[in-house]
Each structure stands twice: as C-alpha cells, then as structure tokens.
Amino acid sequence: MFRLWAREFKDGRLVKDITISDMAADKSRTKKIFNAVDEVCYEFDLSRPVWLEKNINEFKRRDKTRFNQDNFIDSVVFDYLDIQVIEED
C-alpha cells in the first residue's frame, strides 16, 4: 500500500490534512505520487502545484516537500502545503 499525507498550514497552524491511499500494484511510484497530489488538490480545491527544482530534490532526499505560493499559479490562502510519503510497499 502507498499512502501520502498532505497538510495545509496557515500562520503556523494546521488548517487541513488528508491521507491518500493507493493500493494499485501496477502503477509506478511516480504515478502514485502524482495521482495522490492531484487528489489532494481536488479535495482542497487547489490548482496543481508546479514542481520546482528545490521540491524535486527535497522529495528525492526525504520523501517530503513543501509547496508555497511560488508553486501555484492561482493565489492561495495558506502559507504552505506539506506533502509526505508515509507508507510504501
């Protein structure tokens, strides 16, 4: 099972969080990550974030990254969106 945890923060406080699960064995890890981020954006009513070089490097190193206003084309009402892989098979 693959699980990704997403958390939205504003003024240092957790505003929203969601855990996305994917049990499909035929998908690649990358596909699972992008599908989970798409689902998070749908649930939180956000546009898709742009993965900058710093996000890619951070995610490769720690399975975790943070998206802020620079990653979104539309204006956002939170300080940052934190995503983290919490379980992989």
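Visitor: What makes R62 count as partly exposed?
Guide: Its relative accessibility is 49%. Buried means under 20% relative accessible area and exposed means over 50%, with partly exposed in between (1.4 Å probe, protein chains only). The value falls between those limits, so R62 is partly exposed. The model is predicted, so local features need pLDDT of at least 70 and side-chain atom pairs count only at pLDDT 80 or more, while totals for chains, interfaces and linings use all residues. Residues are numbered from 1 along each chain as its sequence is written, and side-chain values use heavy atoms, leaving out hydrogens and water.

Visitor: Where does R62 lie?
Guide: In helix α2, residues 53–62. Helices (H or I, at least four residues) and strands (E, at least two) are DSSP runs, numbered from the N terminus. R62 and I86 are 24 residues apart in sequence, with 11 Å between their C-alpha atoms.

Visitor: Why is D11 called exposed?
Guide: D11 has 61% relative accessibility. The cut-off for exposed is already given, and D11 passes it, so D11 counts as exposed. D11 is in the loop between β1 and β2. Its phi is positive, about 55°, although D11 is not a glycine.

Visitor: And what makes D63 partly exposed?
Guide: D63 comes to 24% relative accessibility. That value is in the middle class, so D63 is partly exposed. D63 sits in the loop between α2 and β3 (64–67). D63 also has a positive phi, near 55°, and is not a glycine.

Visitor: In what order do the elements run?
Guide: From the N terminus, β-β-α-α-β-β. That comes to 2 helices and 4 strands.

Visitor: How do you know that the protein is as compact as a globular protein of that length?
Guide: Its radius of gyration, taken over C-alpha atoms, is 13 Å.

Visitor: Which residues have the most contacts inside the largest nonpolar core?
Guide: L4, V40, L46, F72, L81 and I83, in a core of 20 residues. Such a core is a set of buried Ala, Val, Leu, Ile, Met, Phe, Trp, Tyr and Cys residues joined through side-chain atoms within 4.5 Å. Helix α1 gives the most, with 6 residues.

Visitor: What does V40 touch?
Guide: L4, A6, I18, I20 and L81, not counting residues up to four places away in sequence. Contact means heavy atoms within 4.5 Å.

Definitions and conventions:
The radius of gyration is taken over C-alpha atoms; the globule rule is 2.2 Å times the number of residues to the power 0.38.
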